[in-house]
Amino acid sequence: MADGHFSAAPHPLANPGYGKRTVSDQLPRTADDFTHLPAREAAVAAYIDRLADNSDISVKTLAKHTPYGQTAIGKALNHLIRAGHLRRGLEAVNSESGSTLWVTRTWWSRTARDDAWWAAYQRGDVPVETRRPTRSRAYILLAALGRENPVMSLSHADCAALSPLVDEWFAREATEWQVLHALTTGLPVPVHHPAALARRRLIDKLPPAPPPKPRPVRILECGECGRPTGADGLRSGTCAHCRGTRSAPPPTLPPTRVRALAAEARAAASRPPERTPS
């Protein structure tokens, strides 16, 4: 659906700690991200994807900013849950007083994820995607060095060879600006071998590793009933109860016991009632 069909008003943010939260390891946005969805769900997904993190993506707010009513938005969000783009749940956070609070989360993924990926995400693991863009974040940054400083222009082979070193900077939470600053400021005159200089600086100026982050504590909810459920118990975002399945069938009696009980009941029904003495 064209963007003109959506509200031009700024989309509101949710209360602090709530709203849209994009999951880690997102792939670059493409024109084919939501082509596997029906038209309405694709339009809603594309709209949510463009929103900033912490935006209010509740049913009521989305209905105000899209041409769909609350019922249609609710159905679209449930479809996005089943398709692997959306999960709701709870996450434990530490308050300023030091106590642990459970807050409601709505996690968003541009790339459709399967049940195993969401189960790993709930455990606090960072699932590894097998599909990668042909030009990585590190490659794109290195290819842009020549625009920042022409003497640092690199070839395709140089960018491909140096990308793993830049990836290590990103793994240590360095920004693009920090990498560019390290590679383009205070350069010698002249620069004879830009690739060799870039390699030396990427190794020598590598920032320290950040302290380990605590493993998050998350609980995913069923997309149908909202009941907190272990991620391993969800199938396409739906719990066993809503899927109409049970972990074990109700107990049954063996056929011989059923026949015996039926015979006892027939016999009891055929006996004449006992008379009480007058």
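I took a salt bridge to be a side-chain nitrogen of Lys or Arg within 4 Å of a carboxyl oxygen of Asp or Glu. The model I am reading is predicted.

**Entry 1: the count.** I looked up how many pairs pass the rule. The count comes to 10 salt bridges.

**Entry 2: Arg 82 and Glu 224.** I checked this pair next. Their closest N and O atoms are 3.5 Å apart, and they form a salt bridge. Arg 82 sits in helix 3 (residues 70-83) and Glu 224 in the loop between strand 4 (218-221) and strand 5 (228-229), so the bridge ties together parts 142 residues apart in sequence. I then looked up accessibility. Arg 82 is partly exposed at 41%. Glu 224 is partly exposed too, at 45%.

**Entry 3: Arg 87 and Asp 115.** I found a salt bridge here at 3.6 Å, N to O. Arg 87 belongs to strand 2 (residues 86-94) and Asp 115 to helix 4 (residues 115-122), so this pair links distant parts of the chain, 28 residues apart. Is Arg 87 buried or exposed? Arg 87 is buried, because its relative accessibility is 2% and the cut-off for buried is under 20%. Asp 115 is partly exposed at 25%.

**Entry 4: Arg 200 and Asp 204.** I noted a salt bridge with the closest N and O atoms 2.9 Å apart. Both residues lie in helix 9 (residues 194-204), four residues apart, so about one helical turn separates them. Arg 200 is partly exposed at 44%. Asp 204 counts as exposed at 52%.

**Entry 5: a network.** I also looked for shared partners. Salt bridges of this kind join Arg 29, Asp 49 and Arg 110 into one network.

Key
Residues are numbered from 1 along each chain as its sequence is written. This is a predicted model: local features need pLDDT of at least 70, side-chain atom pairs count only at pLDDT 80 or more; totals for chains, interfaces and linings use all residues. Side-chain values use heavy atoms; hydrogens and water are left out. Helices (H or I, at least four residues) and strands (E, at least two) are DSSP runs, numbered from the N terminus. Buried means under 20% relative accessible area, exposed over 50%, partly exposed in between (1.4 Å probe, protein chains only).
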